[in-house]
Amino acid sequence: MSVLVYAEHDNATLNKVTLSVVAAAKEIGGDITVLVAGKGCGAVAEAAAKVDGVSKVLCADNDAYEHQLAENIADLVVELAGDYSHILAAATTTGKNFAPRVAALLDAPQISEISDVVDGDTFKRPIYAGNAIATVKCADAKKVLTVRGTSFDGVAEEGGSASVESVDVVKDAGISSFVGEELAKSDRPELTSADIVISGGRGMGNGDNFEILYKVADKLGAAVGASRAAVDAGFVPNDMQVGQTGKIVAPNLYIAVGISGAIQHLAGMKDSKVIVAINKDEEAPIFQVADYGLVADLFEAVPELDSKL
Amino acid sequence: MKVLVPIKRVVDYNVKVRVKADNSGVDLANVKMAMNPFCEIAVEEAVRLKEKGVVTEIVAVSIGPKAAQEQLRTAMALGADRSILVETDEEVQPLGIAKALKAIVDEEKPELVILGKQAIDGDNNQTGQMLAALAGMPQGTFASEVNVADGKVKVTREIDGGLQTVELSLPAVVTTDLRLNEPRYASLPNIMKAKKKPLDVKTPADLGVDLTPRVTTEKVEMPPERSAGVKVGSVDELVDKLKNEAKVI
Ligand SMILES: Cc1cc2nc3c(=O)[nH]c(=O)nc-3n(C[C@H](O)[C@H](O)[C@H](O)COP(=O)(O)OP(=O)(O)OC[C@H]3O[C@@H](n4cnc5c(N)ncnc54)[C@H](O)[C@@H]3O)c2cc1C
Ligand SMILES: Nc1ncnc2c1ncn2[C@@H]1O[C@H](COP(=O)(O)O)[C@@H](O)[C@H]1O
């Protein structure tokens, strides 16, 4: 067995979720090669070479890969797919975008969002918004997997000493181009890797009211998330959405404020270690998963919480 | 321009499914079924493009059991002009679905295929990307805005870091995210009209594709159940519990 791991990065730094993907690769077994594709991504390749357990890093540094367009990245990965038995990517919007293309081009099945490795052919994954966990098996010689970052403790960032090989394969499908992006800027920790997350829902009323959550977040060093209803209402941008179809988080502490607890929201946060819910409706389903529930008006409770931290 | 909209019949999103006692799967007997919510958004987007004069024909397609005709009728009540059911009672996985859709694409030659980003039963999020790869088309996944102009489509995508806009040559594949639009409800007259719209039934053999599953399900279990904790009476008590009992702040 040998595993190819696709590195998640922004051309400057290696995203920590890659450490979790390498952890999953280690459980599968065999040599681990990490592919860093991007533009001006040499520093990322250097960082990947230091990651514990990695035996080789491939660096494909070219204009064609700058924005990780799925068409180009998939063609590159297919070209490099060689003898790898498993091709792994993080179940992020990047991984979800290109990995199924790779699978289809290789006529290999993809197993999405694995949460556990049973053996090299057998994996667990949540289905139906996490209301069931399926154990699935695939005996094909080659398979594509996306990995749920929160389900695997990342390997150490240091400790490895892999070689870095540059790859000069240029794949530019020429059918798609990057127009622009609007990236959220925040000094707070990243949602999916934060130790503490405080999220607001429709109960927040409007976007300005999120200010009271930001204040608490800054005292706790927390990231701020939201329910889909809060995103749909335009209170906050989509990148803050937690849930079945948003981001999956599993922090030590998750504080849900003005969120009812729909199954789609629970799917994204119910693996958190400690859950707190603040909601004025004592019947809200969120209380069924909360370790500590506070029935209160959030506009009183959150400022009070802020003052007592 | 012709648009193909693949739709899936799934458990209604309000249903909390239960795992069968023998761990062979989830219990779907007598459970309410519906069109996958992301597919409803795909149909709505196609209808809006038709209303804008960009699209001339909308073809809905589903691979699944006979009962999926209900969802195809719904799609036609919402504005699809005709539909195709590839009828099978067997489980078909995303790669197989993508192969079947590729065969339909070869026949229908749509300029745009709009799918949901994810079916809420299997949560796979694969089919659109796989179809795009097999058909050699570019893809705009997780779309929150779609603009067709000058033989191209511009797609704004919901990504982890925010929003990204890409431009694709046509024909192209788009997959929908929740914010793309808010689907309309079918009116009674349109539901009646949909009964007369053409619904073509095919078999996988007609398409000449092998839909055999490549992944087997060994067992399906309940996730670890979280039990409700305690209600605290005040913010002070909450802070105390978080500091001294849970030790998380
Ligand atoms: C296909 C699909 C996918 C979806 N994916 C997601 C997803 O990934 N993530 C997600 O979150 N949702 C998702 N949803 C939406 C989900 O079904 C719910 O609609 C949504 O989670 C509800 O958000 P909410 O709890 O903020 O709003 P509501 O359900 O409206 O709840 C608001 C809560 O705020 C409380 N409240 C109001 N005012 C106050 C106050 N002053 N003080 C205290 N409490 C107050 C109310 O009691 C209520 O419980 C999805 C839906 C579909 C159909
Ligand atoms: N059986 C099916 N028939 C038609 N379209 C499907 C089927 N399964 C999946 N799709 C399409 O592919 C999208 C993504 O599904 P999935 O990859 O299974 O998460 C759905 O929203 C549909 O648009």
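Predicted model: local features only at pLDDT ≥ 70, side-chain atom pairs only at ≥ 80, totals over all residues.
On its own, ligand 1 has 990 Å² of accessible area, and the protein covers 84% of it.

And who else is around ligand 1? The shell counts 30 residues, and the ones that come nearest are A:R202, A:S227, A:Q241, A:S260 and A:N279. Since both chain A and chain B supply residues around ligand 1, the site is shared between chains. Chain A brings in α6 (228-232), α7 (263-266) and α8 (298-308), while chain B brings in α1 (37-51); these are the elements that give two or more residues to the shell. Sorted by class, the shell of ligand 1 holds 12 nonpolar, 13 polar and five charged residues.

Now for ligand 2. Here 17 residues make up the surroundings, with B:P6, B:I63, B:A119, B:N125 and B:T127 as the closest. Backbone atoms turn up again and again in its polar contacts: a polar backbone atom of B:P6 is 2.7 Å from an oxygen atom of the ligand, a backbone N or O atom of B:A119 is 2.7 Å from an oxygen atom of ligand 2, and for B:N125 the distance from a polar backbone atom to a ligand oxygen is 2.8 Å. Ligand 2 taken alone exposes 480 Å², of which the protein buries 98%. Two strands of chain B, β4 (57-64) and β6 (112-116), are the elements giving two or more residues to this shell. Strand β4(B) has the largest share, with three residues. The class count for ligand 2 comes to eight nonpolar, eight polar and one charged residues.

On to the sheets. Strands of a sheet pair through backbone hydrogen bonds, in either a parallel or an antiparallel way. One open sheet in chain A has seven strands with parallel pairing, running β5-β9-β4-β1-β2-β3-β10. Its edges are β5 (110-114) and β10 (163-166) of chain A; each has a single partner strand, so one side of each is left without a neighbour in the sheet. Direction ignored, neighbouring strands are turned by 25 degrees against each other on average. Inside this sheet, β4 (86-90) and β9 (143-147) of chain A pair in the parallel sense over five bridges, and A:L88 stands opposite A:L145. Helix α1 (17-28) of chain A packs on the sheet, touching β1, β2, β4 and β9 of chain A, at about 155 degrees to β4(A). Helix α3 (70-80) of chain A lies across β1, β2, β3 and β4 of chain A and runs at about 150 degrees to β2(A).

Another open sheet takes strands from both chains: six parallel strands in the order β13(A)-β12(A)-β14(A)-β15(A)-β16(A)-β13(B). The edge strands, β13 (223-226) of chain A and β13 (230-232) of chain B, each pair on one side only. From one strand to the next, the twist averages 20 degrees. Helix α5 (211-220) of chain A packs on this sheet, touching β12, β13 and β14 of chain A, with its direction at about 175 degrees to β12(A).

Terms used
Residues numbered from 1 in each chain as written. Chains lettered and ligands numbered in written order. Heavy atoms only, no water. Pairing = 2+ DSSP bridges. Helix = DSSP H or I, 4+ residues; strand = E, 2+ residues; numbered from the N terminus. Axes fitted to C-alpha atoms, helices over the stretch in contact; angles between N-to-C directions. Contact = heavy atoms within 4.5 Å. Near = heavy atom within 4 Å. Polar contact = N/O pair within 3.5 Å; in protein donor to acceptor, adjacent residues only side chain to side chain. Areas by Shrake-Rupley, 256 points an atom, 1.4 Å probe, with all protein chains shown as cover. Nonpolar A, V, L, I, M, F, W, Y, C, P; charged D, E, K, R; others polar.
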